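Here is a short report on a protein fold. Have the sequence and the model side by side as you read.

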Amino acid sequence: MKFSSEVEKLLLEVPKPGNWVPDEYDVGLRDIMVDWREAERVDAGIIGIPFDTAVMGRRGCRFGPEGVRSSLVFSNVYEPGIDMDLSTGFSVTDFGNIDVLQTDVLGTHERVEKVLTEIFRTGTTLVAIGGDHSLAYPDAKALINAVKGRIGVIMIDGHLDVRISHHGEVSSGTPFRRLVEEPERAVLPKNLVELGINGWLNSRFYMDWCRQKGITVIPARQVHKQGIEEVVNQALELASDGTEAIFLSIDIDGLDLGVAPGTCAPNPGGLSSYQALEAVWMIAQHPLTRGFDLVEVAPSLDVANLTSIMAAAMVMHFLGGTKKRLDNKKT
Ligand SMILES: [Mn+2]
């Protein structure tokens with residue numbers, strides 16, 4: 001693949017997976033994933049954004065790409081439950097990590113938007129592994145640039161992330177307010193669905209703002225009572241209403257702290273691993289879905305790698321759903 005020289009300079013070398021003694025009948029993601037520099041064209045790709053300077057609390061998710069990748073590359077490419085095999089008729093690449101600016105939030109966002117815009121323009125379905133949640137703004141903005149129209153956004157998170165924030169500074173708590181107030185108004189409030197909001201983590205002030213704007217908030221408790229399938233179908237209907245593409249953004253703290261302890265703000269009562277995987281699987285298959293960012297995985301705060309393993313499984317389900325979407329398009 002080829003990009004502008006500016007973007008190629010911003011893509012760091014693709015990390016090599018560690019040593020492993022495989023069962024020769026297994027096919028792992030490491031066996032089918034190619035370096036973007038050697039790829040002709042690809043169906044899907046992953047990219048890492050090692051940046052956590054916008055986190056207000058405990059940092060560490062700049063090591064998210066490293067943690068998630070190390071679980072991800074050793075995943076087998078077959079899953080019996082969804083009966084998905086990525087080893088045939090599906091091309092996937094690793095774009096490596098973006099050369100971020102460690103202490104400059106907006107400067108980093110500018111780089112991220114530039115790189116992701118060019119990748120989305122190739123038609124590649126992209127998974128961006130963060131990094132903190134402030135990145136959802138440039139990540140989704142890149143998709144807006146590529147489709148030149150309105151997009152729908154489904155986010156899974158413990159927090160509303162529509163803060164004005166301290167003195168109005170950009171933080172990991174502000175991306176969805178920024179998206180709704182984005183200059184081109186490419187994300188209408190009616191096309192934004194916040195799923196899994198939960199816990200004693202949010203303010204009434206921001207909940208009222210979401211309601212006044214017309215943003216749909218589906219708390220985790222409602223997901224548990226109503227069932228994941230019903231709420232995801234509802235979310236997809238809203239996000240696809242009059243839009244060109246759908247972007248999925250998952251803050252790992254939208255999942256229960258039992259399955260995602262390794263994050264800045266672990267969340268009791270969040271989504272179960274099954275609910276999260278099913279949501280990703282369903283959303284990835286929607287004809288409009290083009291991008292996914294998975295953020296706030298902090299390996300240094302993790303317990304026995306659980307959070308990285310959980311995150312890697314969601315990426316695999318997203319890749320599986322993407323293959324299914326592309327297969328559906330062919331038939
Ligand atoms: Mn968040």
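Strands E8 (residues 192-197) and E9 (residues 216-219) pair in the parallel sense over four bridges. Strands pair here if DSSP finds at least two bridges between them. Helices (H or I, at least four residues) and strands (E, at least two) are DSSP runs, numbered from the N terminus. Val-193 stands opposite Thr-216 in E9. With helix H7 (residues 204-213), E8 and E9 make a right-handed β-α-β unit. Right-handed means that, with the strands pointing away from the viewer, the path from the first strand over the helix to the second runs clockwise.

This is a predicted model: local features need pLDDT of at least 70, side-chain atom pairs count only at pLDDT 80 or more, and totals for chains, interfaces and linings use all residues. Residues are numbered from 1 along each chain as its sequence is written.

Nine strands pair in parallel, in the order E1-E5-E2-E6-E11-E10-E7-E8-E9. Strand E1 (33-35) and E9 stand at the edges with a single partner strand each, so one side of each lacks a neighbour in the sheet. Neighbouring strands are turned by 20° against each other on average, direction ignored.

Contact means C-beta atoms, placed from the backbone, within 7 Å. Angles run from 0 to 180 degrees between N-to-C directions, with axes fitted to C-alpha atoms, for helices over the stretch in contact.

| Helix | Strands touched | Angle |
|---|---|---|
| H4 | E2, E5, E6, E11 | about 155° with E6 |

H10 (residues 273-285) has 13 residues, which should span 18 Å at 1.5 Å a residue; its end C-alpha atoms are 19 Å apart, which agrees. The expected span is 1.5 Å times one less than the number of residues. Buried residues of H10 include Leu-277, Val-280, Trp-281 and Ile-283. Buried means 20 or more other C-beta atoms within 10 Å of a residue's own.

What about the core? The largest nonpolar core holds 99 residues; Ile-151, Val-153, Ile-154, Leu-294, Met-314 and Val-315 touch the most other members. Helix H11 (residues 306-330) gives the most, with nine residues. A nonpolar core is a set of buried Ala, Val, Leu, Ile, Met, Phe, Trp, Tyr and Cys residues joined through C-beta atoms within 7 Å.

Val-100 sits in the loop between strand E5 (92-97) and helix H4 (105-121). Val-100 counts as buried because it has 24 C-beta neighbours inside 10 Å.

Technical notes:
A residue is buried if 20 or more other C-beta atoms lie within 10 Å of its own, exposed if 12 or fewer, and partly exposed in between; C-beta atoms are placed from the backbone. Two residues are in contact if their C-beta atoms, placed from the backbone, lie within 7 Å.
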